[in-house]
Amino acid sequence: METYKLTVNGQPREVTVDPGTPLLWVLREELKMTGTKYGCGIGACGACTVHLDGVATRSCVVPVSLVGNRPIVTIEAMAEDPVGRVVQDVWVSHDVVQCGYCHSGQIMAAVALLKSMPKPTDTDIEESMGGNLCRCGTYVRIREAIKAASLQLR
Amino acid sequence: MQANNIMLRAILFILIVCVWSASTLTGAASRDEPQKTNAGGSIRAEGLAAWQQVYAVLTHPRCINCHTATDYPQQGDDRHRHFANVVRGPTGEGVPGQQCVTCHQEANADSTGVPGAHDWHLAPLSMQWQDPNDKILSSTDVCKAVTDRSKNNNLDSAGLLKHHSEEPLVLWAFRPGRGIDGSMRTLPPLTHEQFVAATRTWAEAGTPCPQNP
């Protein structure tokens, strides 16, 4: 077991875990932040997406030992984030969610996209969101919501 | 009269010695020339043999999976398309929601089976070692690409040797860590030390490339 000092949503946190523990389980089990979801566990579905130093990151495949001093931002902080707030609003106004399980990850990926590419094309959206799977098939609404958020953020 | 004869004999002797020396030296030089040619041919042959060793490494999945001609990387020993709809992106580092570093960190994550090294990214399209149908290019074509400074980030032979010796992604290929099932990833056919030695031999031979058959 090792002790790690993390910065999660701007707050210093300390955890003592096995170095190989994925960040996802540190968030969910150690810090009780359950907004980030477990989907596939192999980085193939995107449900566990968080931001690591601003980069959309699959927390299920990143061992806590490799996080270093990079700040971690989770879905719990999106309501306070200027882009995250807009994305969450359009997610509601466009009735994007069906079962909702994957949408923590969808929103985190969408925010990462809009922060680095404020006016994404359909292709940009499809490529950037292509690793975030939705078993309910809400992809069309996700794309429309991202385009709406893009318009609102201009 | 006798003194003149002695003088003439001495001159004749000196001439004979000079002619003999010259012919001996010329003979030695002419024997050296074929040796030089043989040595040159031998150096080139050794260089080409070393290149084939380098080629065997470059075309191993640990290397060639990220030297594609397509819009995506490959993974696994069967070189299948990278899962999760990963795409190349404008700089070979993926796209905003799906950058290489979305999963690949600074080091191998053996507990989760994701490989990692500093600056994980796809090789540029100019350094593609496959065709658009994922078929590996010939030894000749890969050699030409690797040595073409308009394609290889302007690396000369010393630069190529340094790249093969020190580049973190090259080093990763020889320490690729564990896959998702916990087993060690397969390694290129040479150790890193052998790879660098083969590159050095090839570089010192002038980076010769084989002819297409």
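Reader: In chain A, how many Å separate the centres of domain 1 and domain 2, taken over C-alpha atoms?

Author: This is a predicted model, in which local features need pLDDT of at least 70 and side-chain atom pairs count only at pLDDT 80 or more, while totals for chains, interfaces and linings use all residues. Residues are numbered from 1 along each chain as its sequence is written, with chains lettered from A and ligands numbered from 1 in the order in which they are written. Chain A is divided into domain 1 (2-76) and domain 2 (77-153), with bounds that come from an automatic or database domain assignment. Taken over C-alpha atoms, the separation of the two domain centres in chain A is 21 Å.

Reader: Which element gives the most residues to the side of domain 1 of chain A that touches domain 2 of chain A?

Author: The contact (C-beta atoms, placed from the backbone, within 7 Å) takes 18 residues from domain 1 of chain A and 13 residues from domain 2 of chain A. On the domain 1 side, the elements giving two or more residues are β3 (49-52) and β4 (55-58) of chain A, strands being DSSP runs (E, at least two residues) numbered from the N terminus. With three residues, the element that gives the most is β3(A).

Reader: What radius of gyration does chain A have?

Author: The C-alpha atoms of chain A fill a box of roughly 45 × 30 × 25 Å along the principal axes. For 154 residues, a compact globule would have a radius of gyration near 15 Å (taken over C-alpha atoms, by the rule 2.2 Å times the number of residues to the power 0.38), and this agrees with the value for chain A, 15 Å.

Note on methods:
Two residues are in contact if their C-beta atoms, placed from the backbone, lie within 7 Å. Helices (H or I, at least four residues) and strands (E, at least two) are DSSP runs, numbered from the N terminus.
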